[in-house]
Amino acid sequence: MSVHTDVKRVTTNILQKMKAGGEKISMITAYDFSFARIFDAAGIDIILVGDSASNVMAGHETTLPITLDQMIYHAASVVRGIERCFVVVDLPFGSYQGNSKEALHSAIRIMKETGGHAIKLEGGIEVLESVKRIVDTGIPVMGHLGLTPQSIYKFGTYNVRAKEEAEADKLRSDALLLQEAGSFGIVLEKIPATLAAEVSKSLQIPTIGIGAGGACDGQVLVMHDLLGINIEFKPRFLRQYLNLYEQITGAVQLYIKDVKSSEFPNESEQY
Ligand code: KIV
């Protein structure tokens with residue numbers, strides 16, 4: 001029996017046991033009640049209320065514009081839809097980089113106003129004091145290393161990170177620092193699979209990969225990518241499990257046709 005199937009609620013302890021027992025952790029993003037309910041009932045381990053909401057929900061080019069209030073709205077909606085999975089909420093750009101007091105204040109708002117179970121923030125040594133302060137307050141923290149989209153204007157591209165030894169070394173050291181500071185897990189985004197494997201092996205806490213290869217302790221995908229809602233986005237790391245764009249287009253076109261031809265509603269669809 002796997003660790004996760006017979007638990008009533010996924011917790012940081014369960015995630016830790018899954019890593020120790022070699023059971024992979026499944027994580028997906030969600031931003032609203034209805035999808036969160038489906039993903040939770042399907043048995044997902046973690047829902048990430050990602051700041052990718054800025055892209056896929058609001059249509060912004062980057063994750064930078066989304067606000068703390070908007071993240072709280074999305075996260076509270078997600079939490080109302082779940083019974084079992086663990087909910088991690090992104091601290092958005094500008095809500096934690098100033099200082100550790102600001103970071104703690106934002107994390108507390110997320111916990112009090114959404115009912116989420118943990119927060120995630122991007123960066124290593126730069127945010128370490130904030131990670132410690134938030135963890136010391138009793139809030140679980142997930143790190144995020146490699147391609148950190150809140151720094152897109154510093155990177156200049158969404159290309160694979162840490163291919164050069166200096167950046168790979170910093171990532172190795174940041175991962176250890178985040179673990180020592182009390183993080184319960186780390187997202188590794190778009191880094192070479194060999195580096196992700198090495199980091200995952202060196203840590204006691206689970207790593208969750210996106211474009212970081214199969215040796216991570218778990219995987220995360222943005223729901224719009226996995227379900228084929230966002231069809232323009234086709235990076236090599238993405239496995240698209242559905243083509244919802246096509247299916248929804250077909251359904252809505254049928255509906256339009258039925259309305260125009262007075263096929264809908266029929267006798268049994270009225271009072
Ligand atoms: O915001 C997000 O969706 C994320 C994932 C890509 C890990 O941070």
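This is a predicted model: local features need pLDDT of at least 70, side-chain atom pairs count only at pLDDT 80 or more; totals for chains, interfaces and linings use all residues.
Me: Let's start with V88. Why is V88 called buried?
Reply: Buried means under 20% relative accessible area. V88 has 0% relative accessibility, so V88 counts as buried. You'll find V88 in strand β3, residues 86–90.

Me: What does V88 touch, leaving out residues up to four places away in sequence?
Reply: V88 touches I46, I47, L48, V49, A118, I119, K120, M142 and F184. To count as a contact, heavy atoms have to be within 4.5 Å.

Me: Okay, now Y153. What makes Y153 exposed?
Reply: The cut-off for exposed is over 50%. Y153 has a relative accessible area of 63%, so Y153 is exposed. Y153 sits in helix α7, residues 152–155.

Me: Which residues does Y153 touch, not counting those up to four places away in sequence?
Reply: T62 and L64. As for A212, Y153 is 59 residues from A212 in sequence and 22 Å from A212 in space, C-alpha to C-alpha.

Me: What about K190: buried or exposed?
Reply: Set the value against the limit: buried is under 20%. K190 has 19% relative accessibility, so K190 counts as buried. K190 is in the loop between β6 and α9 (193–202).

Me: What is the phi of K190?
Reply: K190 has a positive phi of about 50°, although K190 is not a glycine. A162 is not a glycine either, and A162 has a positive phi of about 60°.

Me: Where is A162, then?
Reply: A162 is in the loop between α7 and α8 (165–180).

Me: And why is A162 called buried?
Reply: The limit for buried is under 20%. A162 comes in at 4% relative accessibility, so A162 counts as buried.

Me: What makes a set of residues a nonpolar core?
Reply: The residues must be buried and of the nonpolar kinds on the list, Val, Leu and Ile among them, and joined through side-chain atoms within 4.5 Å. Here the largest nonpolar core has 58 residues, and those with the most contacts inside this core are I47, I119, L121, I134 and L188. Helix α4, residues 68–79, gives the most to this core, with six residues.

Me: Which residues is L121 in contact with, beyond its neighbours within four places in sequence?
Reply: L91, Y96, V127, V131, I134, V141, M142, G143 and H144. There's also a second, separate core of 18 residues, which includes V7, L15, I208 and I210.

Me: What lines the largest pocket?
Reply: The largest pocket is lined by 29 residues, and S52, N55, E189, V222 and F233 lie nearest its centre. Two elements give two or more residues to the lining: α3 (53–56) and β6 (185–189). The volume of the largest pocket is about 600 Å³.

Me: How many of the lining residues of the largest pocket are nonpolar, polar and charged?
Reply: 12 are nonpolar, eight polar and nine charged.

Me: What makes the bond from F264 to P265 cis?
Reply: Its omega is near 0°, and this peptide bond is cis. P265 is in the segment after α11 (244–260).

Me: Last one: how is the chain divided into domains?
Reply: Into domain 1 (12–240) and domain 2 (244–271). The centres of domain 1 and domain 2, taken over C-alpha atoms, are 39 Å apart.

Conventions: Residues are numbered from 1 along each chain as its sequence is written. Side-chain values use heavy atoms; hydrogens and water are left out. On a 1 Å grid over the protein atoms alone, a cavity is a set of points where a 1.4 Å probe fits but cannot get out, and a pocket is an open set with protein on both sides within 12 Å along at least five of seven lines; lining residues have an atom within 4 Å of a point. Grid points are joined across faces, edges and corners, and a volume is the space filled by probe spheres set on the points. Helices (H or I, at least four residues) and strands (E, at least two) are DSSP runs, numbered from the N terminus. Ala, Val, Leu, Ile, Met, Phe, Trp, Tyr, Cys and Pro count as nonpolar, Asp, Glu, Lys and Arg as charged, and the others, Gly among them, as polar. Buried means under 20% relative accessible area, exposed over 50%, partly exposed in between (1.4 Å probe, protein chains only). Domain bounds come from an automatic or database domain assignment.
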